[in-house]
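Biologist: Hello! I am new to reading protein models, and I would like to learn how to look at one feature at a time. Could we go through this one together?

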Amino acid sequence: MEIIKNYLKPLFFLGIVLLSVGCTSLEDVGSNVEESESEQNIRTVLQNTFTGPSKEQEKLLNGPDGQLQTYAEELGEYHMEHFKPYLSDRFFESYIVNSNMALSFLRLAHPDYEVKVDEIEIEEKENYYTFTVDLYK
């Protein structure tokens with residue numbers, strides 16, 4: 001009986017440790033999924049904002065060729081495809097629709113430069129993220 005107790009105590013202790021570590025890991029995985037999804041959205045928006053101009057973007061940067069209605073539709077479609085899925089409705093409305101900030105950086109680079117994102121560093125603060133973007137031409 002004494003031999004069984006000697007073997008059972010360490011096994012029981014090991015079981016408790018493994019259970020507690022396993023539960024902790026499950027909670028951490030859930031929070032990391034949210035963080036990495038948010039960070040991935042930030043990366044995608046930064047890539048779309050600071051990379052270009054592509055042929056599609058160049059067409060939009062050159063402005064309307066007489067057909068303002070067609071230009072507005074193309075610009076709206078571009079924004080819906082490249083930015084809307086990654087931004088909240090409120091931020092999309094203020095950043096894209098009201099101020100058209102999405103292409104403002106590329107407007108400054110066009111036509112002399114074509115830029116690409118080299119590296120993105122994202123740091124999570126209390127209720128927001130900060131980021132640094134390195135570009136190359």
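Modeller: Gladly! Let us begin with the idea of a pocket: an open set of grid points where a 1.4 Å probe fits, with protein on both sides within 12 Å along at least five of seven lines. Keep in mind that this is a predicted model. Here the largest pocket has a volume of about 390 Å³.

Biologist: Which residues are closest to the centre of the largest pocket?

Modeller: They are Ile42, Val45, Tyr86, Leu87 and Phe91, out of 13 residues that line the pocket. Helix H1 (2-50), helix H4 and strand S2 (129-136) each give two or more residues to that lining. H1 gives the most, with six residues.

Biologist: Next, the inside. How should I read a nonpolar core?

Modeller: The general idea is that nonpolar side chains tend to be buried together in soluble globular proteins. In this model the largest nonpolar core has 15 residues, and Leu60, Phe83, Leu87, Ile96 and Leu103 touch the most other members. Helices H2, H3 (68-82) and H4 (89-98) each supply at least two residues of this core. Another core lies apart from it, with five residues, including Leu46, Phe50, Ile120 and Ile122.

Biologist: What does leucine 60 touch, leaving aside its neighbours within four places in sequence?

Modeller: Leucine 60 is in contact with Tyr71, Glu74, Leu75, Tyr78, Leu103 and Arg107.

Biologist: Is glutamine 57 buried or exposed?

Modeller: Buried means under 20% relative accessible area. Glutamine 57 has 4% relative accessibility, so it counts as buried. You will find glutamine 57 in helix H2 (residues 55-61). Beyond its neighbours within four places in sequence, glutamine 57 contacts Asn48, Thr51, Gly52, Tyr78, Leu103 and Leu106.

Biologist: And where does histidine 110 lie?

Modeller: Look at the loop between helix H5 (104-109) and strand S1 (116-124), where histidine 110 lies. Because its relative accessible area is 17%, histidine 110 is buried. The side chain of histidine 110 also makes a polar contact with the side chain of asparagine 62, at 3.1 Å. If you leave out residues up to four places away in sequence, histidine 110 touches Pro53, Glu58, Leu61 and Asn62.

Biologist: Now for charged side chains. How many salt bridges are there?

Modeller: To spot one, look for a side-chain nitrogen of Lys or Arg within 4 Å of a carboxyl oxygen of Asp or Glu. By that rule the count is three. One of them joins lysine 59 and glutamate 74, whose closest N and O atoms are 3.3 Å apart. This pair links distant parts of the chain, with lysine 59 in helix H2 and glutamate 74 in helix H3, 15 residues apart. Lysine 59 is partly exposed at 47% relative accessibility, and glutamate 74 is partly exposed at 28%.

Biologist: Which residue forms a salt bridge with lysine 84?

Modeller: Its partner is aspartate 89, and the closest N and O atoms are 2.4 Å apart. Lysine 84 counts as partly exposed, at 24% relative accessibility, whereas aspartate 89 counts as exposed, at 56%.

Biologist: What do the side chains of glutamate 123 and lysine 125 meet in?

Modeller: They meet in a salt bridge, at 3.2 Å from N to O. Glutamate 123 is partly exposed, with 44% relative accessibility. Lysine 125 is partly exposed too, with 33%.

Biologist: Thank you, I will go back to the structure and look for each of these.

Conventions:
Residues numbered from 1 in each chain as written. Predicted model: local features only at pLDDT ≥ 70, side-chain atom pairs only at ≥ 80, totals over all residues. Heavy atoms only, no water. Helix = DSSP H or I, 4+ residues; strand = E, 2+ residues; numbered from the N terminus. Buried < 20%, exposed > 50% of the residue type's maximum accessible area, 1.4 Å probe, protein only. Polar contact = N/O pair within 3.5 Å; in protein donor to acceptor, adjacent residues only side chain to side chain. Contact = heavy atoms within 4.5 Å. Core = buried A, V, L, I, M, F, W, Y, C linked by side-chain atoms within 4.5 Å. 1 Å grid on protein atoms, 1.4 Å probe; cavity = no way out; pocket = protein on both sides within 12 Å on 5 of 7 lines; lining within 4 Å. Points joined across faces, edges and corners; volume = space filled by probe spheres on them.
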